[in-house]
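Look at the sequence and the structure below. The paragraphs that follow lead through some contacts between side chains and then turn to the ligand.

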Amino acid sequence: MATERTLSIIKPDATRRNLTGAINERFEIRGLKIVAQKRIHLTLGQAQKFYQIHKERAFYDDLCKYMTSGPVVVQVLEGEQAITENRSIMGATNPANADEGTIRKDFGESVEANSVHGSDSPENAAIEISFFFADIDIVI
Ligand code: ADP
Ligand code: MG
């Protein structure tokens, strides 16, 4: 078992419905600690850069536009196997396919507006955390 950090984003559909606290509770109940957090409004350029891994996908333009449609809360979660643990707390990409009790099942509106982002690997977690946070911003 190893302590890891992962990058989480509470997406515009969730901030619009004032769900930041309800979503953060899901992380804390499962033992993940929020060691950095800020509410920001992404520019289109920032969203395009963050999701550049998906730039060939059909949903890329819509996804980038959606991610700039309102504020997001970007955060670093820390805990045992935080990357896979967070993916389990989040549930499947499409809320319709997500397990009961997951964030996306309980709060997601659609495959696009699915309430949360979470890093999918240690490599991407490191890249995504440094996209939003400096080391000095992370307080354990
Ligand atoms: P995940 O967020 O579960 O890692 P992906 O990395 O595949 O999923 O996709 C990134 C984001 O793009 C998803 O969270 C969702 O907001 C959006 N997305 C994924 N697939 C689709 C799709 N088929 N149609 C619209 N939006 C999508
Ligand atoms: Mg992904």
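Begin with aspartate 13 and arginine 17, whose side chains meet in a salt bridge, with N and O 2.6 Å apart. The model is a predicted one, and the distances here are computed from it. Are the two partners buried or exposed? Aspartate 13 has a relative accessible area of 1%. A residue counts as buried when this value is under 20%, so aspartate 13 is buried. Arginine 17 has a relative accessible area of 30%. That value lies between the limits of 20% and 50%, so arginine 17 is partly exposed.

How many salt bridges does a search of the whole structure find? The search finds six. One of them links arginine 16 to glutamate 109, and the closest N and O atoms of this pair are 2.9 Å apart.

Now turn to ligand 1. Where does ligand 1 sit? Its place is the largest pocket. The residues that surround ligand 1 are Lys11, His54, Phe59, Leu63, Arg87, Thr93, Arg104, Val111, Glu112 and Asn114. Sorted by kind, this shell has four charged residues, three polar ones and three nonpolar ones.

Some residues of the shell can be followed down to single atoms. In histidine 54, an N or O atom of the side chain is 2.9 Å from an oxygen atom of ligand 1. Arginine 104 also uses its side chain: a polar atom there lies 2.9 Å from an oxygen atom of the ligand. In glutamate 112 the atom concerned is a polar one of the backbone, and an oxygen atom of ligand 1 is 2.8 Å from it. Ligand 1 taken alone exposes 530 Å², and the protein buries 78% of that area.

Methods
Residues are numbered from 1 along each chain as its sequence is written. Chains are lettered from A and ligands numbered from 1 in the order in which they are written. This is a predicted model: local features need pLDDT of at least 70, side-chain atom pairs count only at pLDDT 80 or more; totals for chains, interfaces and linings use all residues. Side-chain values use heavy atoms; hydrogens and water are left out. A residue is near a molecule or strand if one of its heavy atoms lies within 4 Å of it. A polar contact is a pair of N or O atoms within 3.5 Å; within protein, one must be able to donate a hydrogen and the other to accept it, and residues adjacent in sequence count only if both atoms are side-chain atoms. Accessible areas come from the Shrake-Rupley method with a 1.4 Å probe; for residues, only the protein chains shown count as cover. On a 1 Å grid over the protein atoms alone, a cavity is a set of points where a 1.4 Å probe fits but cannot get out, and a pocket is an open set with protein on both sides within 12 Å along at least five of seven lines; lining residues have an atom within 4 Å of a point. A molecule sits in a cavity or pocket if more than half of its atoms lie within 2 Å of its grid points. Ala, Val, Leu, Ile, Met, Phe, Trp, Tyr, Cys and Pro count as nonpolar, Asp, Glu, Lys and Arg as charged, and the others, Gly among them, as polar. A salt bridge is a side-chain nitrogen of Lys or Arg within 4 Å of a carboxyl oxygen of Asp or Glu. Buried means under 20% relative accessible area, exposed over 50%, partly exposed in between (1.4 Å probe, protein chains only).
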